[in-house]
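User: I would like to go through the labels attached to this model and see what each of them rests on. Please set the values against the cut-offs as you answer.

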Amino acid sequence: MSDKTFYLETFGCQMNAHDSEKVVGTLLAQGYSRVETPEDAHLVLYNTCSIRDKAEQKVFTRLSNFKRQAGHGKIFGVLGCVAQHKGEEIFSEAPHVSLVCGSASYNKLPDLLVQIEAGGRRVTGLDLDTDETFDTPYTKRDNPFRAYLTIIEGCDKHCAYCVVPFTRGPERSRRSDSVLAEARQLAAAGYTEIQLLGQNVNSYRDPSPAGWDFAAILARVGEVPGIRRVRFTTSHPRDFHRSIVEALEANPVLCDHVHLPVQSGSDRVLARMQRDYTRNQYLERIDWMKRARRPLALSTDVIVGFPGETEEDFSQTLSLLDEVEYDSIFSFKYSPRPNTPAVSYADPISDEVKSQRLAALQEKQRSIQIRRNAALVGSEQEVLVEGRHQSLGQWVGRTTQNRVVNFTVAEGRPDPTALGGYTRVLVTRAGPNSLVGVANLAAA
């Protein structure tokens with residue numbers, strides 16, 4: 001086993017996935033080679049998520065599985081949110097770990113690796129540097145046609161259940177000229193879809209003299225030649241302004257999909273969560289989008305079983321699903337996180353009740369998705385081709401509304417598909433989570 005081999009496993013959100021691309025690029029630039037299993041690696045890294053306890057515990061389970069191998073030349077590192085949150089405590093919980101590095105310190109990885117290679121066994125990178133967060137020169141992107149582009153890091157919202165302010169630090173936005181320069185580089189490299197990232201991406205405030213807000217930087221990225229689709233995630237309702245909808249309406253390159261986490265349909269629970277908006281204020285933003293000149297698909301996040309959530313509170317969340325009719329949701333049981341206000345809240349909800357509420361929520365949403373997807377049967381959708389199911393003889397792609405489409409090619413027609421290309425698909429069937437169709441036209 002070479003001393004210059006590494007294995008990296010990633011947990012969590014798109015920002016973690018993009019952070020891992022930066023880590024991989026940095027390691028490859030330092031002469032390391034990536035291997036597919038931890039057993040084959042000299043350096044074993046876990047890029048971690050601390051949003052829920054289950055994700056955090058997965059990491060320590062992985063580490064415990066390899067505890068005995070630490071004495072056989074392997075080096076272990078914990079990266080990302082758990083690293084930033086727990087810091088040097090990790091060395092006590094997992095003494096065979098040698099590297100603890102938060103996401104804001106990935107630009108320092110070459111120096112940290114030098115320390116490890118020199119025999120360092122408790123090496124840390126835990127600064128929340130506001131100036132150098134975005135300056136990671138090497139990125140090895142996993143997808144050849146869709147690219148992540150971080151425009152803002154951190155969070156100033158301090159929701160009662162969330163550790164992100166502790167793990168990612170305060171909000172700091174990237175200069176608009178830097179954002180646009182990277183967008184142009186991506187287009188020149190052949191990428192056609194960009195996804196703008198941030199814990200609260202729409203809280204973006206350009207620190208350069210241009211002073212653009214999120215709607216402005218979104219519009220400018222959509223004007224970069226060669227880019228056919230621009231997405232963004234995740235937005236906070238408090239900073240979601242009508243100007244964002246106006247930007248979407250003005251340029252079809254900006255995708256017909258908005259993810260706007262609500263978390264609860266109850267004003268009482270929203271106040272306890274410290275979300276800084278009411279149900280009616282949230283619905284006002286939904287109304288802006290439903291009145292847009294193009295149909296916009298809507299998705300959200302929902303937490304069930306927050307401390308003190310009554311049956312009436314939960315029924316208000318169910319009624320919100322009926323009122324909005326989301327195209328998809330991400331739903332979770334509340335998970336207590338250290339150092340957050342909600343940890344000390346009274347009236348915890350039992351796991352049994354949480355599970356019952358989650359099942360009811362997901363069943364309601366499933367019926368909504370079946371109905372909304374069925375309404376698209378007979379329509380024609382532009383699809384970005386992402387892959388192929390060889391065993392099923394189907395291609396798989398995604399629409400501008402972020403719907404997955406599994407499709408074949410019309411009999412007697414030339415195959416118009418290529419990974420990363422665009423084709424038009426006639427939708428013939430629909431399920432709760434995807435569409436089925438036939439590519440019946442030349443590539444778009």
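User: Why are helix 7 and helix 8 called roughly parallel to each other?

Analyst: This is a predicted model, and the label follows from the geometry of the two axes in it. The axes of helix 7 (residues 176–188) and helix 8 cross at roughly 25° and come within 10 Å. Angles under 35 degrees count as roughly parallel, and helix 7 and helix 8 are therefore given that description. Their crossing is right-handed.

User: Which residues of helix 7 and helix 8 meet, and how do they divide by class?

Analyst: From helix 7, Ser176, Val179, Leu180 and Ala183 meet Ile217, Arg220 and Val221 of helix 8. The residues of this contact divide into 5 nonpolar, 1 polar and 1 charged. Arg counts as charged, and Arg220 of helix 8 is among the residues that meet helix 7.

User: What makes helix 8 and helix 9 roughly parallel?

Analyst: Helix 8 (residues 214–222) packs against helix 9 (residues 242–250) at an angle of about 15°, and their axes are 8 Å apart. With the limit for roughly parallel set at angles under 35 degrees, helix 8 and helix 9 therefore receive that label. Helix 8 passes helix 9 in a right-handed crossing. On the side of helix 8 the contact is made by Phe214, Ala215 and Leu218, and on the side of helix 9 by Ser243, Ile244, Ala247 and Leu248. By class, this contact has 6 nonpolar residues, 1 polar residue and no charged residues.

User: Which residues of helix 9 are buried, and what covers them?

Analyst: The buried residues in helix 9 are Ile244, Val245, Ala247, Leu248 and Glu249, a label that requires under 20% relative accessible area. What covers the buried residues of helix 9 includes helix 8, strand 11 (229–233), strand 12 (257–259) and helix 11 (279–290).

User: How do you know that helix 11 is roughly parallel to helix 12?

Analyst: The axes of helix 11 and helix 12 (residues 311–324) cross at roughly 15° and come within 12 Å. That angle makes helix 11 roughly parallel to helix 12, given that the class takes angles under 35 degrees. The contact is made by Arg279, Leu283, Ile286 and Lys290 of helix 11, together with Gln316, Ser319, Leu320, Glu323 and Val324 of helix 12. By class, the contact of helix 11 with helix 12 has 4 nonpolar, 2 polar and 3 charged residues. The crossing of helix 11 and helix 12 is right-handed.

User: Why does Thr340 count as buried, and what does Thr340 touch?

Analyst: Thr340 has a relative accessibility of 5% and therefore counts as buried, since that label applies under 20%. Thr340 is found in the loop between strand 14 (328–333) and helix 13 (351–374). Leaving aside residues up to four places away in sequence, Thr340 touches Ala160, Tyr161, Cys162, Val163 and Phe166. A polar atom of the side chain of Thr340 lies 2.6 Å from the backbone oxygen of Arg337, where the limit for a polar contact is 3.5 Å.

User: What makes Ser64 partly exposed?

Analyst: Ser64, which lies in helix 2 (residues 53–65), has a relative accessible area of 45% and is therefore partly exposed, because that class lies between the 20% limit for buried and the 50% limit for exposed. A polar atom of the side chain of Ser64 lies 2.8 Å from the backbone oxygen of Thr61. The C-alpha atoms of Ser64 and Ala94 are separated by 7.5 Å, although these residues are 30 residues apart along the chain.

User: Why do His158 and Asp276 count as partly exposed, and what is their phi?

Analyst: His158 counts as partly exposed because its relative accessibility is 43%, and Asp276 counts as partly exposed because its relative accessibility is 46%. His158 has a positive phi of about 55° although it is not a glycine, and Asp276, not a glycine either, has a positive phi of about 70°. His158 is in the loop between strand 8 (152–153) and helix 6 (164–168), whereas Asp276 is found in the loop between helix 10 (267–273) and helix 11.

User: What kind of peptide bond joins Thr233 and Thr234?

Analyst: A cis peptide bond joins Thr233 and Thr234, with omega at about 0°. Thr234 has its place in the loop between strand 11 and helix 9.

How values were computed: Residues numbered from 1 in each chain as written. Predicted model: local features only at pLDDT ≥ 70, side-chain atom pairs only at ≥ 80, totals over all residues. Heavy atoms only, no water. Helix = DSSP H or I, 4+ residues; strand = E, 2+ residues; numbered from the N terminus. Buried < 20%, exposed > 50% of the residue type's maximum accessible area, 1.4 Å probe, protein only. Polar contact = N/O pair within 3.5 Å; in protein donor to acceptor, adjacent residues only side chain to side chain. Contact = heavy atoms within 4.5 Å. Axes fitted to C-alpha atoms, helices over the stretch in contact; angles between N-to-C directions. Parallel < 35°, antiparallel > 145°, perpendicular 65-115°, else oblique. Left-handed = near helix turned anticlockwise from the far one by under 90°.
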